[in-house]
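Subject: Structure for your review

Dear colleague,

I am passing on the structure we discussed, with the sequence alongside. Please have it open while you read the notes that follow.

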Amino acid sequence: MSTLMSEEKLKKYICVDNCPVRNVISHFSGKWAMLILCLLAENGATRFSAIGRAIPDISPKMLAETLRSLEADGLVRRKVYAEIPPKVEYSLTDLGGSLMPHLEGLISWAMENFECVITNRQRFVTNS
C-alpha cells in the first residue's frame, strides 16, 4: 500500500508542465536567484548596479537574466523612474516576500550544516 501511495505522490513530478519543482522552485533555487532575493529582502528597493556590487561574481548579463526571470514569476518588481539617466530599482513583491520565511529556513539549515557538507564533499573526493 505504501508503494502505491509513493507512486501516487510521484505523479506530480511526471508531467513537466504541472511539476511544481521544475516550474516554480527551480526558478529561485539557482545559484544567483536566491542571493538576489535575500539581498532585496534585506535592503528593500535596490538598483541594478548595487545588486551587482553586492554579488561581485555575477556577470551583468546573468544578473539581468535572473532579475527578468524573477520578475516574470512575480517575485520581483522592477520600477523605472523617468529620469535622465534612467533610474531602475528592484524590490520584492508581496509574493516574493511570502517566499522569504521558507528560504530563511533553508539558509539557516545551510549555515548550520556548512562544515559537515564541506567535510563530506572533501571525503567523497578523496575516496573517489
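How many salt bridges does a search of the whole structure find? Before the answer, please keep in mind that this is a predicted model, in which the protein averages a pLDDT of 90 and 95% of the residues score at least 70. Among the elements, helix α1 (residues 2-14) has the lowest mean pLDDT, at 67, whereas strand β1 (residues 46-47) has the highest, at 98.

The search finds two salt bridges. One of them joins glutamate 65 to lysine 61, with the closest N and O atoms 4.0 Å apart, and both of these residues belong to helix α5 (residues 60-72), where they are four residues apart, or about one turn of the helix. An α-helix has 3.6 residues a turn, so residues three or four places apart point the same way. Glutamate 65 counts as partly exposed because its relative accessibility is 34%, between the limits of 20% and 50%, while lysine 61, with a relative accessible area of 62%, is exposed.

The other salt bridge is formed by lysine 87 and glutamate 89, whose closest N and O atoms are 3.7 Å apart. Here lysine 87 is partly exposed at 22% relative accessibility, and glutamate 89 is buried at 16%.

Leaving aside neighbours within four places in sequence, serine 91 is in contact with Leu40, Ala45, Leu75, Val76 and Arg77; the C-alpha atoms of serine 91 and leucine 39, which are 52 residues apart along the chain, are separated by 9.4 Å. With the corresponding sequence neighbours of valine 88 left aside, that residue is in contact with Thr46, Arg47, Phe48, Arg78, Lys79 and Val80. The C-alpha atoms of valine 88 and phenylalanine 48 are separated by 7.0 Å, although the two residues are 40 residues apart along the chain.

What do the buried residues of α6 pack against? They pack against α2 (20-28), α3 (33-43) and β3, and among the buried residues of this helix are Gly96, Leu99, Met100 and Leu103. Helix α6 (residues 94-127) has 34 residues and should therefore span 50 Å at 1.5 Å a residue, which agrees with the 46 Å between its end C-alpha atoms. When you inspect that helix, please note as well that α6 bends by about 60° at asparagine 113.

Finally, on the cysteines: the count of disulfides comes to zero. Cysteine 38 is buried, at 15% relative accessibility, whereas cysteine 116 is partly exposed, with a relative accessible area of 44%.

With best regards

Methods. Residues are numbered from 1 along each chain as its sequence is written. This is a predicted model: local features need pLDDT of at least 70, side-chain atom pairs count only at pLDDT 80 or more; totals for chains, interfaces and linings use all residues. Side-chain values use heavy atoms; hydrogens and water are left out. Contact means heavy atoms within 4.5 Å. pLDDT is the predictor's confidence in each residue, from 0 to 100. Helices (H or I, at least four residues) and strands (E, at least two) are DSSP runs, numbered from the N terminus. A salt bridge is a side-chain nitrogen of Lys or Arg within 4 Å of a carboxyl oxygen of Asp or Glu. Buried means under 20% relative accessible area, exposed over 50%, partly exposed in between (1.4 Å probe, protein chains only). A disulfide is a pair of cysteine sulfur atoms within 2.5 Å. The expected span of a helix is 1.5 Å times one less than its number of residues. The bend at a residue is the angle between axes fitted to the seven residues ending there and the seven starting there.
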